[in-house]
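Visitor: I am new to this structure. Please take me through one part of it, step by step.

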Amino acid sequence: AWTSMLASYKIKAGNMDIVHPTRANFHKCCKRYQHQISLSRMNIPHKDAVQDIISKYKIPYEKGHATIIATCPKSCQHADGNEKCVYINKVTGSFVCKRCEKRGQWQDTKDWYSGKKVIIDEKKATVSQTEDIVAEWDNCTPFAECEDKIKKQLIKKYSIQGLREDYIKKYKLRVKKLKLLSSDEEQFYLLCPWYDFSNVICGIKVLLPERTDVSSLETIPKTCTVGLFGYENMQKEDTEVTLTANEFDAIAINQATGIPAVSLPNGNVHLPVDLVPLFEQFKRITIWLGNSVKDKRMELQFANKLKRDRCYFLPSALKGEFPTATEALNQGLNLKEALDSARAVAHNRIVTFNDLRQDVYNEFANREQICGVKWQRHPELTNILKGHRRGELTVFTGSTGSGKTTFISEMSIDLCHQGVNTLFGSFEIRNVRIMKTMLKQFSGVNFEIKDNLVDFEKYSAQFEKLPMYFMHFYGAQDIKHVIQTMEHAAYIFDIEHIIVDNLQFLLNSDASRDDFPFRQQNLALSKFRRFATEKNVHVTLVIHPRKENDDADLQMASIGGSAKASQEADNVMILQNIRYKGKSIQVVKNRFDGDLGSYKIMFSKANLCMGSQSDRFTAKALDTTTTGEEISAQVPKKTIKKPSKRVEVKKLKLTGKS
């Protein structure tokens, strides 16, 4: 029975370490295991492989914008020789059939057309999940049927005074009273539905009035990525659509312009590759995410995934007047003129000053956003490096056993908690150990104490919502396979930060040449540098230093290998671990503004954290449901010194008596 369940998840026996599993948590472990990325499972196709397979089996097809649209194979019971209903991604080779709703990876595509049996991907909600979603949706009250008092309360709560009730009804928003982690009592919230190819509800999202971190998003089911908000309003003859990151912006655009508008499930964080086929019918896609620096970068990344030749952006100067569509509608501004002024994406290899003029202006005007994402747990690191920026290469080194992986793990949790899509690749520590460390750092709870295990499900559910992915490699690997996996993850999951721990596992030794390791390291560094620049992804590369005296500080010249590591890197960080002096992080290179420096770090064995502010930003500390006694117990009481009374001194005449 266990073997058959492993086979249903496409997992080979012996690849998972599960201690005393029950049937319920066994399925949870399988789903979490699928979150890991391995090249063998993805099986990335080469450039023309998709078209070669379709031609080999003489399948009728047509070229779409981002996919190849083909007919079902003859082995499919829904096969119709004339209907082209299978969408095959040109980059990944993954497919989805809008009729039979089968989906799979590139290997599944080849097996399906060759007549082999294909297991439906677990990303699609099961029948039982669909029934739960429909039942939950039926328990919600349509907005139009609510009392006027509740309507006014919600309109004020979400600042949607400009939205008309008939358009709120058109987009099927509903109301339910809920108690979330972010509130101490039950409140009325708006809920929005997600719809798939067949216009069947496949997910529900609770809309929050304020912007929160990704771990606070409430969705049913938790991992559904096959639906869009507003897709049920699309018609077959529609050729233009506007893509937004906020549900209210989609309603506002459709109300003001009549142009179909949809919203992404996770906002500006991620465009799931499963949603790309839903945009195939459109010849013009206007992407309007927001006016921040991250919004602009994600607009370009989404355009590359949807194909740049049909994507349009609003000019940056105009976005200053139109921060969001909802705000513009509330102010009575003309959204039709804003969308008409959208311009096509510039060629990715040819640009002019006019194309980058607003970006140059933002370098001066929005310096705080240009600096990148700030570290909350390590404010001292923010003071030196100013922030975490995309497209950079960071080299991190430290002596053996000093805590490099532990520090990198907490740094990635800090950024991922703020919405930075992260891919973690460790070749010397298994993913189970890495996840164990991260969960303790994320929650701030030591689950090795039996009394704390009651909170495991609570914090693991929050941790599971983070956009954190793991490479499924262990031991020495071919750098070609690792780079291919990184490229695949950058396309599929919109990865912004990749950790490679460490470089030595990607270098194969060759005794025939003395200089081979140095030549191979130079080649590897060039590949990581090129990847970071072309994919606009921040790569953190861990490199072991040379063996030196334990009582001496490490220098930039201590980095193992040649000088190319320090030359290619934008940032060079060293974890100093000197006996009797403690541990510290030293920045010896900062290409952004040149500031250098170091700061002390303190290791907490209970939660494996090293930051000076780590205790303030753990999930336990940020949990607003904590009672007053627990908060007072966490915060140490400050001793209050009472002011001393002034004593008047008088001279006394001695009498000789005792």
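This is a predicted model: local features need pLDDT of at least 70, side-chain atom pairs count only at pLDDT 80 or more; totals for chains, interfaces and linings use all residues.

Guide: Start with helix H17, residues 404-416. H17 packs against H18 with the two axes 10 Å apart, at an angle of about 55°. That angle makes H17 oblique to H18. The crossing of H17 past H18 is right-handed.

Now the residues that touch. H17 brings Thr405, Thr406, Ser409, Glu410, Ser412 and Ile413. H18 answers with Ile434, Thr437, Met438, Gln441 and Phe442. By class, this contact of H17 with H18 has six polar residues, four nonpolar and one charged.

Next comes the other partner. H18 covers residues 431-443, and helix H19 covers residues 456-464. Their axes come within 10 Å and cross at roughly 100°. An angle from 65 to 115 degrees counts as roughly perpendicular, so H18 and H19 are roughly perpendicular to each other.

Here H18 uses Met438, Leu439, Phe442 and Ser443. From H19, Phe456, Tyr459, Ser460, Gln462 and Phe463 meet them. The contact of H18 with H19 holds six nonpolar and three polar residues, with no charged ones.

Terms used: Residues are numbered from 1 along each chain as its sequence is written. Side-chain values use heavy atoms; hydrogens and water are left out. Axes are lines fitted to C-alpha atoms, for helices over the stretch in contact, and angles run from 0 to 180 degrees between N-to-C directions. Helices (H or I, at least four residues) and strands (E, at least two) are DSSP runs, numbered from the N terminus. Angles under 35 degrees count as roughly parallel, over 145 as roughly antiparallel, 65 to 115 as roughly perpendicular and the rest as oblique. Contact means heavy atoms within 4.5 Å. Ala, Val, Leu, Ile, Met, Phe, Trp, Tyr, Cys and Pro count as nonpolar, Asp, Glu, Lys and Arg as charged, and the others, Gly among them, as polar. A crossing is left-handed if the near helix is turned anticlockwise from the far one by less than a right angle, and right-handed if clockwise.
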